[in-house]
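Here is a short briefing to read alongside the model. Take a look at the sequence and structure first, then go through the points below.

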Amino acid sequence: MLKAFGVGLLCTLGIWYFNELIKFLDINKVVYSQQPGPCRAVEGVYVPEQGYQGSEDVEVLPNGIAIFSSGLNYMRNPALKHVQGRMMMFDLSNPDEPAKALRLTGFTRKINPHGISLFTVDGAVYVYFIHHAMDEVDSDESVEKFRLNDLVVAQEDQFYATNDYVLRHRFLRTLEYFSFLPIGNVVYYDGHKGRKVAESLRRANGINMSPDKKYVYVAEAGAKRITTFRRSANGDLSKVSSTFMGTLVDNINVDPETGNLWVASHPIGYKIYLKVAFPVGSVAPSLVLRVNVSEGVITETTQIYSDDGRNLIGSGSAVFQNGKVLIGTPTHILMYCECLTC
Ligand SMILES: [Ca+2]
Ligand SMILES: [Ca+2]
């Protein structure tokens with residue numbers, strides 16, 4: 001009897017896992033190309049003799065200056081030794097000018113920038129970004145005890161950040177990637193100390209906040225869904241809704257006027273995994289969505305841009321302003337589009 005129960009349990013778990021794996025990999029999915037208007041690569045991201053530097057996370061200021069992270073080597077992959085970590089800017093009101101590197105002062109080490117968040121106070125713009133130290137040895141004392149992906153600043157030096165991997169060894173992370181276990185989380189730093197404010201997430205990736213700061217949006221890439229939380233005065237989060245998007249959601253930007261989300265994603269699971277594991281030479285498609293929300297609940301989703309990977313490899317972030325869209329990628333170009341249909 002006990003043996004039969006054990007076999008039944010194993011079979012049930014096996015069927016569940018197989019079903020999750022098939023859903024995640026998107027083996028039979030086809031992505032067709034769609035552009036909202038004329039699109040082209042921004043100059044300055046591709047560096048001759050060094051190659052594509054990437055444009056992982058992009059945000060834009062009200063004056064049209066977009067800030068983005070470039071040269072991410074998230075897994076410290078030797079194949080990406082040609083990338084140089086830079087924080088860069090691009091002027092949406094002067095799109096024929098190339099992107100330029102920002103000069104960082106007071107930080108002498110090489111940067112390896114990932115998710116970013118801009119915060120403005122008294123006319124001064126603060127650029128916060130996740131930095132993965134390249135020379136760090138994994139240890140209990142390591143700053144990479146957690147594996148941060150993105151952050152959103154709520155107040156000066158107070159922010160939420162996502163942990164997309166919890167396990168720390170490279171091999172264990174591969175197992176974690178395909179385990180589908182809900183072990184990711186969101187942490188909140190209140191200016192003095194950090195604490196977990198949301199748990200049981202499946203590879204929490206992009207994070208952002210509504211313009212009125214009532215809601216926090218989290219992209220759960222491992223579950224292909226966007227989860228909304230309501231903020232408490234002390235920074236705690238309580239879940240409002242969770243919506244399956246059918247694509248590996250990456251970074252989220254919020255339109256400051258409408259509150260709509262601009263979500264970049266990876267529509268074919270196995271292709272973005274291969275792109276991360278073998279960044280040079282492999283191709284992954286792109287999909288950008290505009291997501292309408294009302295009181296933290298998704299009400300409508302519109303496809304804005306898609307590509308099978310020939311023109312844009314692995315869309316990781318998208319931002320919209322005044323009829324123009326910028327689409328970032330972890331290891332490829334930064335795409336500029338005029339959006340005639342937005
Ligand atoms: Ca971000
Ligand atoms: Ca991300």
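The protein has 3 helices and 24 strands, where helices (H or I, at least four residues) and strands (E, at least two) are DSSP runs numbered from the N terminus. Its radius of gyration is 20 Å, close to the 20 Å from the globule rule for 342 residues, so the protein is as compact as a globular protein of that length. That radius is taken over C-alpha atoms, and the rule is 2.2 Å times the number of residues to the power 0.38.

This is a predicted model, in which local features need pLDDT of at least 70 and side-chain atom pairs count only at pLDDT 80 or more, while totals for chains, interfaces and linings use all residues. Residues are numbered from 1 along each chain as its sequence is written, with chains lettered from A and ligands numbered from 1 in the order in which they are written.

**Overall build**
- The C-alpha trace spans about 75 × 45 × 45 Å along its principal axes.
- Of the 342 residues, 43% are buried (20 or more other C-beta atoms within 10 Å of the residue's own; exposed means 12 or fewer, partly exposed in between; C-beta atoms are placed from the backbone).
- Among contacts with a separation of 6 or more, 52% join residues 24 or more positions apart; a contact means that two C-beta atoms, placed from the backbone, lie within 7 Å.

**His 114**
- An unreviewed UniProt entry annotates His 114 as "active site"; UniProt positions follow the numbering used here, feature names are shortened, and annotations may be inferred rather than shown by experiment.
- His 114 sits in strand β8 (residues 113–121) and counts as buried because it has 25 C-beta neighbours inside 10 Å.
- Leaving aside residues up to four places away in sequence, His 114 touches Glu 56, Asp 57, Ser 69, Leu 72, Tyr 74, Phe 129, Ile 130, His 132 and Asn 149.

**A four-stranded sheet**
- An open sheet of 4 strands runs in the order β18-β19-β20-β21 with antiparallel pairing; strands pair if DSSP finds at least two bridges between them.
- At the edges are β18 (248–254) and β21, each pairing on one side only.
- Neighbouring strands of this sheet are turned by 25° against each other on average, direction ignored, using lines fitted to C-alpha atoms as axes and angles from 0 to 180 degrees between N-to-C directions.

- Strands β20 (residues 286–294) and β21 (residues 297–307) pair in the antiparallel sense over 9 bridges.
- Asn 292 has Glu 300 in β21 as its bridge partner, and Val 291 stands opposite Thr 301 in β21.
- The hairpin leaves 2 residues between the strands, and Glu 295 in the turn has a positive phi of about 50°.
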